[in-house]
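Please look at the sequence and structure below before reading on.

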Amino acid sequence: MKYNIQATQQTPAYIIYLLDISASMNQLMESKGEHKRRMDVVTDALHAAIRQMVFRSTKGSRLSPRYRISILAYSDNVFDVLGGVKGIDEVARMKPLENIPTQRLTNTAKAFEQAEKILLEELPNLQNCPAPLICHMTDGAFTGEDPTPVVKRIMNLHVPDGNVLVENIFISDEIVSSPVENSKKWPGIMPATELDEEYGNKLKMLSSPLPESYREMMMETGYKIQPGALMMLPGTNADLVSLGFQMSAATPVR
């Protein structure tokens with residue numbers, strides 16, 4: 001496993017956020033002692049991750065485009081929220097996910113197929129860059145086709161830095177047997193961790209191992225994710241959802 005190319009202006013990291021906006025995202029979840037819609041928790045977490053990328057891309061007063069981002073929101077259909085791939089300098093001026101209406105279904109396979117299409121177009125330009133990453137957030141089992149085949153295809157795509165990374169944030173109250181009280185001390189989900197929900201176990205199989213370079217960046221910000229953890233988060237509260245989005249942005253930078 002490599003994953004040691006640093007994100008720079010010349011070799012930017014590319015992240016695709018794949019966000020479930022089905023109707024169940026209107027349900028409430030705990031956030032710092034109050035209750036917010038799941039959709040609002042996700043929006044807050046994404047904005048915090050974007051701020052983190054802006055901070056890592058800023059030297060003095062200059063913002064370098066060290067990250068390039070796509071945001072796909074999906075339900076019955078897939079929406080390109082940013083209207084193409086955008087540099088972090090452009091995204092910093094936007095308000096993604098604002099006024100995105102939730103819909104009925106959860107067509108996860110269609111969303112990953114759209115992400116695969118974008119990746120195949122982008123990969124020729126990413127040969128000297130950090131391996132791209134898909135950060136997928138959902139709160140329920142898919143409707144329509146099983147996404148496993150397309151996710152496996154994506155995980156087999158690669159650049160010299162390593163295979164494309166797939167991270168899953170699964171917002172559910174019942175995925176882990178004991179609640180995670182402190183996200184800063186949480187060791188992470190290991191390959192042998194048994195989850196309480198069938199779809200959680202499926203997503204676990206479709207989650208990449210967390211690269212050591214990412215883990216070290218997260219340790220620097222006070223997290224205690226253990227070696228061997230997977231890029232999978234049980235989004236049982238707002239802190240863990242936020243940790244998931246921060247994990248997606250933990251590409252080493254110079």
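## Largest pocket

Strand S2 (28–31) and helix H7 (238–248) each give at least two residues to the lining of the largest pocket. Helices (H or I, at least four residues) and strands (E, at least two) are DSSP runs, numbered from the N terminus. The model is predicted: local features need pLDDT of at least 70, side-chain atom pairs count only at pLDDT 80 or more, and totals for chains, interfaces and linings use all residues. Residues are numbered from 1 along each chain as its sequence is written, and side-chain values use heavy atoms, with hydrogens and water left out.

The volume of the largest pocket is about 240 Å³. Its lining has 14 residues, and those closest to the pocket centre are Glu 30, Val 180, Glu 181, Thr 236 and Asn 237. By class, this lining has 4 nonpolar, 5 polar and 5 charged residues. Here Ala, Val, Leu, Ile, Met, Phe, Trp, Tyr, Cys and Pro count as nonpolar, Asp, Glu, Lys and Arg as charged, and the others, Gly among them, as polar.

Spaces are found on a 1 Å grid over the protein atoms alone: a cavity is a set of points where a 1.4 Å probe fits but cannot get out, a pocket is an open set with protein on both sides within 12 Å along at least five of seven lines, and lining residues have an atom within 4 Å of a point. Grid points are joined across faces, edges and corners, and a volume is the space filled by probe spheres set on the points.

## Second largest pocket

The second largest pocket has a volume of about 190 Å³. Strand S3 (34–37), helix H1 (38–56) and H7 each supply at least two of its lining residues, and H1 gives the most, with 5 residues. The lining includes Lys 36, Asp 44, Arg 51 and Asp 239. It divides into 4 nonpolar, 2 polar and 6 charged residues.

## Cavity

There is 1 cavity of 30 Å³ or more in the structure. The largest cavity holds about 30 Å³ of space. Gln 52, Arg 56, Met 217, Met 218, Thr 221, Tyr 223 and Gln 246 line it. H1 and helix H6 (212–220) are the elements that give two or more residues to this lining. The lining has 3 nonpolar, 3 polar and 1 charged residues.

## Nonpolar core

A nonpolar core is a set of buried Ala, Val, Leu, Ile, Met, Phe, Trp, Tyr and Cys residues joined through side-chain atoms within 4.5 Å. Buried means under 20% relative accessible area, exposed over 50%, and partly exposed in between (1.4 Å probe, protein chains only). The largest core has 83 residues, of which Tyr 17, Met 53 and Phe 245 touch the most other members. H1 gives the most to this core, with 8 residues.

Phe 245 lies in H7 and is buried, at 0% relative accessibility. Beyond neighbours within four places in sequence, its contacts (heavy atoms within 4.5 Å) include Tyr 17, Leu 46, Cys 135 and Ile 169.

## Cysteines

The whole structure has 0 disulfides, a disulfide being a pair of cysteine sulfur atoms within 2.5 Å. Why is Cys 129 too far for a bond with the closest cysteine sulfur? The sulfur of Cys 129 is 19 Å from that of Cys 135, the closest one. Both residues are buried: Cys 129 has a relative accessible area of 4%, and Cys 135 has 0%.
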